[in-house]
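Here is a protein model to look at with its sequence.

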Amino acid sequence: MEPPLPLLGVSLVLLCSAGLTRSLTITSVDQSMFEKAQGEKVTLPCTFELSEEDIGPLDIEWVLIPADNQKKEEIIIMYAVDRVYNHYYAGLTGRMQFTNLDPKSGDGSLDILNLKASDTGTYQCKVKKAPGVQSKKIQLTVLVKPARTKCSIEGSQEIGKDVTLKCVSQEGSPLLSYDWRRVSGTQNLPATSMLNKNTGELLLKNASREYSGTYNCVATNRVGTDECSVQLNVTPPVNTAGIITGAIIGTLLGLSVLCSIIFCFCKKHREKKYEKEVHHDIREDVPPPKSRSSTARSYIGSNRSSLGSMSPSNMEGYTKTPYSQVPSEDFERAPAQNPAFAPSKVAAPNLSRMGAVPVMIPAQSKDGSIV
């Protein structure tokens, strides 16, 4: 049965219309999401095909679509009228270029060099050649590799204690994952170990000497890895009581030595102060004492003169003078300890026997004439 003529005519019209409206087409539709590491290079694809009906000038434009819909799109680079314009976006100046030096050949892909975390975003390629217009969006995520990873030990490294090995990366985009392995001795982790891959902590419970060795931590994310190592030395418990006792004894000895030094210093200071006071108490105007021998000789000479001038009538008074009062070479010597001793009186007859010579003294009158 043949189709009605009206239906056949409509079909031919639709086919003709479809052929006439065939226009520009973007062919790079395979990949629309890219993840790259910071510092690397990425090529955002944008290849296209033109039709015979596309007779207008060719324009290729790359724009950055902000995450905030309230903000406007920013033009990154443009090809128009056989020229490239790349001064629109300062954040990528000097780090972007068209992959093909002649984009009108059908390749408007974009190269971004030395990627930064701030380059993360949604990029759109627009190709225009009137009447054809096509566009394609690509999501770019720039991740930071783990870096500056540091390992440390928390807790006492003594037998029977719990020890925690820690691993932290100072740089790196999430999600970071940590893994520990033993690189010395047996490669397996201790049976009592507990690993937290998200925090990077490895807990070793009830540590023993067999736990000693080198441990290695590897930090990983989707774009790279970094690692660090730490040395664990499990030792017997320290005798804390002995250490405390030694510290106390040392402190007491130090205090005793300090007190001795202070005491000696004060004593010396007092002695110097006393000597200074005694020195100032001595009077400079006091004459020096006479010698013992000269004093004794002057005393004996004066007594002899008195004896020579004595008359017999005056001898009785002289006998009253104690013999012991005549000074000698040791006249300043302390008196004898025997209080019972008393000096004897010398009578006149005895003086003659002792060699005394009586002397006659002329008598004088009241007016001073000699009688």
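Q: Which residue is the bridge partner of valine 163 in E16, and how do you know that E13 and E16 count as paired?
A: In E16 the partner of valine 163 is leucine 204. Two strands pair if DSSP finds at least two bridges between them, and strand E13 (residues 163–171) and strand E16 (residues 201–204) have 4 bridges in the antiparallel sense, so they count as paired. Strands here are DSSP runs of E with at least two residues, and helices are runs of H or I with at least four, numbered from the N terminus.

Q: What should be kept in mind about the model itself?
A: This is a predicted model, in which local features need pLDDT of at least 70 and side-chain atom pairs count only at pLDDT 80 or more, while totals for chains, interfaces and linings use all residues. Residues are numbered from 1 along each chain as its sequence is written, and side-chain values use heavy atoms, with hydrogens and water left out.

Q: What makes lysine 205 and aspartate 162 a salt bridge?
A: The term requires a side-chain nitrogen of Lys or Arg within 4 Å of a carboxyl oxygen of Asp or Glu. For lysine 205 and aspartate 162 the N to O value is 3.5 Å, so the pair meets the rule.

Q: Why is lysine 205 called partly exposed?
A: Buried means under 20% relative accessible area, exposed means over 50%, and partly exposed is in between (1.4 Å probe, protein chains only). Lysine 205 has a relative accessible area of 34%, and therefore belongs to the class in between.

Q: How do you know that lysine 166 and glutamate 201 form a salt bridge, and which parts does the pair tie together?
A: Their closest N and O atoms are 4.0 Å apart, and the pair is counted as a salt bridge. Lysine 166 lies in strand E13 and glutamate 201 in strand E16, so the pair ties together parts that are 35 residues apart in sequence. Salt bridges that share partners also join Glu154, Lys166 and Glu201 into one network.

Q: Is aspartate 82 buried or exposed, and what is its salt-bridge partner?
A: Aspartate 82 counts as exposed because its relative accessibility is 54%. The partner of aspartate 82 is lysine 104, with the closest N and O atoms 3.9 Å apart. Aspartate 82 is in the loop between E6 and strand E7 (83–85) and lysine 104 in the loop between E8 and E9, so parts that are 22 residues apart in sequence are tied together.

Q: How do you know that E10 pairs with E11?
A: Strand E10 (residues 121–129) and strand E11 (residues 132–143) share 9 antiparallel bridges, and glutamine 124 stands opposite lysine 137 in E11. The two strands form a hairpin with 2 residues between them. On its own account, strand E5 (residues 58–65) pairs with E10 over 8 antiparallel bridges, and isoleucine 60 stands opposite valine 127 in E10.
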